Amino acid sequence: MTDNDDTEALAARAAAGDDAALDHLLRGIRPEIVRRCGRFLPFREDAEEAAQDVLLQVSRNIRRFEARSKFSTWLYTIVTNCARQKYRELKRRAAEHPLPDTEAAGPDPRTTSVIAGSRLDLLDALERLEKDSPHLVAPLVYRDICAMDYAEIAERTGIPVGTVKSRLHHARKQIRPWLLGERP
């Protein structure tokens, strides 16, 4: 990604309607978006598809960015939503079209993200957490996947830093058994 100050300035200009700034911004943030989507989706093509969705959402919604928080905070919310949506889509597609005998045919690369890796176990755990305790999901995703600091999370979610830390603790405590396979 370009320098943070440059990115913030480009985002502000793009939000004000500067199309050239938007084009420059999208080109500059693309590698970081692909990398961040890759934290959710281990298969590179899936991460790149999610990144395209993010870039599309940014271009469609940049005028809604009001600079009340940092652009990166606003952006990572979009990254999180698009990557999780891509995972749900892949999971649904895999359920609708199960693989043929994988021993004979080998793994299907289009569903590899759905059936492999601890990141996907985490995404399944996030789905369960969202059903049981939806208020715990955002702090966990922002901190453990997006690597945001507590102040950014508090700013983005509109809750105090102490509450962010508490929710993060409870979220980790709740998903730990799921990740270890200790709870059905």
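This is a predicted model: local features need pLDDT of at least 70, side-chain atom pairs count only at pLDDT 80 or more; totals for chains, interfaces and linings use all residues.
Which residue forms a salt bridge with Glu152? Lys70 does, with the closest N and O atoms 3.3 Å apart; a salt bridge here is a side-chain nitrogen of Lys or Arg within 4 Å of a carboxyl oxygen of Asp or Glu. Glu152 sits in helix α9 and Lys70 in the loop between α3 and α4, so this pair ties together parts that are 82 residues apart in sequence.

Residues are numbered from 1 along each chain as its sequence is written, and side-chain values use heavy atoms, with hydrogens and water left out.

**Overall layout**

- The protein chain has 10 helices and zero strands, both taken as DSSP runs numbered from the N terminus (helices are H or I, at least four residues; strands are E, at least two).
- Of the 184 residues in the protein chain, 42% are buried; that means under 20% relative accessible area, with exposed being over 50% and partly exposed in between (1.4 Å probe, protein chains only).
- Take the contacts between residues at least 6 apart in sequence, and 64% of them join residues at least 24 apart; a contact means heavy atoms within 4.5 Å.

- The protein chain averages a pLDDT of 82, and 84% of the residues score at least 70; pLDDT is the predictor's confidence in each residue, from 0 to 100.
- Confidence is highest in α3, at a mean of 94, and lowest in helix α6 (residues 112-115), at 41.
- Over residues 102-117 the pLDDT stays under 50, and for that stretch the model has 25 contacts beyond four places in sequence.

**The core**

- In soluble globular proteins, nonpolar side chains tend to be buried together.
- Here the largest nonpolar core has 53 residues, and those with the most contacts inside it are Ile33, Cys37, Val54, Val58, Ile62, Phe71 and Leu75. Such a core is a set of buried Ala, Val, Leu, Ile, Met, Phe, Trp, Tyr and Cys residues joined through side-chain atoms within 4.5 Å.
- Two or more residues of this core come from each of α1 (4-15), α2 (19-40), α3 (44-61), α4, α7 (118-132), α8, α9 and α10, and α4 gives the most, with 10 residues.
- Val54 touches Ile33, Cys37, Leu75, Ile78, Val79 and Cys82, leaving out residues up to four places away in sequence.

**Leu10 in α1**

- Leu10 is found in helix α1 and is buried, with a relative accessible area of 7%.
- Setting aside neighbours within four places in sequence, Leu10 is in contact with Ala21, His24 and Leu25.
- Leu10 and Ala20 are 10 residues apart along the chain, and their C-alpha atoms are separated by 9.2 Å.

**Helix α9**

- α9 covers residues 150-157, with Glu152, Ile153 and Ala154 buried.
- The cover over those buried residues includes α4 (71-96), α8 (137-145) and α10 (161-179).
- At the start of α9, a side-chain oxygen of Asp149 comes to within 3.2 Å of the backbone nitrogen of Ala151.
- After α9 comes Gly158, with a positive phi near 75 degrees.

**Salt bridges**

- The structure holds 12 salt bridges.
- Back to the opening pair: Glu152 counts as buried at 11% relative accessibility, whereas Lys70 is partly exposed at 39%.
- Glu127 and Arg84 also meet in a salt bridge (3.8 Å, N to O). Glu127 lies in helix α7 and Arg84 in helix α4, so the pair ties together parts that are 43 residues apart in sequence.
- Glu127 is buried at 16% relative accessibility, and Arg84 is buried at 6%.
- A network of salt bridges links Arg84, Arg88, Glu127 and Glu130.
- Within helix α3, Arg44 forms a salt bridge with Glu48, the closest N and O atoms being 2.9 Å apart. The two are four residues apart, which means about one helical turn separates them.
- Arg44 is exposed at 53% relative accessible area, while Glu48 is partly exposed at 27%.

How values were computed. A polar contact is a pair of N or O atoms within 3.5 Å; within protein, one must be able to donate a hydrogen and the other to accept it, and residues adjacent in sequence count only if both atoms are side-chain atoms.
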